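Please open the model in your viewer and keep a selection tool to hand. The stops below go from the whole chain to single residues.

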Amino acid sequence: KIPEIIELTMKYRDFISIICKSQEKIIKLRSQGNSNKLQRSKASLNESSKDVIINRQKLKIKALDEENSMLRTELQILYGKLAIYQT
């Protein structure tokens, strides 16, 4: 039984060392990630960049409206086909 206990103790010790190394790596990576976030600063918005953002949003809205109208038309066609098949 003593050799089994020694073997289990060695496995436990190896397991603990692996966990400690993993935790150290995690802490190191987290600290690097936080420093990277601190280095990035948000660019100040001037009038031209605000206009670009607004225009991009308007284009997205226009594209979504076109898709929405196309889908509504397709839905009406499918309702018509469904009504024909039900009669």
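A residue is called buried when its relative accessible area is under 20%, exposed when that area is over 50%, and partly exposed in between. With the whole chain of this predicted model selected, what share of the 87 residues counts as buried? The share is 0%, and the chain exposes about 8,800 Å², of which carbon and sulfur atoms supply 61%.

Colour next by secondary structure, where the chain shows two helices and zero strands. Select helix H1, which covers residues 2–39, and go to Tyr12, which lies in this helix and is exposed, because its relative accessible area of 54% is over the 50% cut-off.

Show its side chain along with the backbone of Lys28: a polar atom of the Ser31 side chain lies 2.7 Å from the backbone oxygen of Lys28.

Terms used:
Residues numbered from 1 in each chain as written. Predicted model: local features only at pLDDT ≥ 70, side-chain atom pairs only at ≥ 80, totals over all residues. Heavy atoms only, no water. Helix = DSSP H or I, 4+ residues; strand = E, 2+ residues; numbered from the N terminus. Buried < 20%, exposed > 50% of the residue type's maximum accessible area, 1.4 Å probe, protein only. Areas by Shrake-Rupley, 256 points an atom, 1.4 Å probe, with all protein chains shown as cover. Polar contact = N/O pair within 3.5 Å; in protein donor to acceptor, adjacent residues only side chain to side chain.
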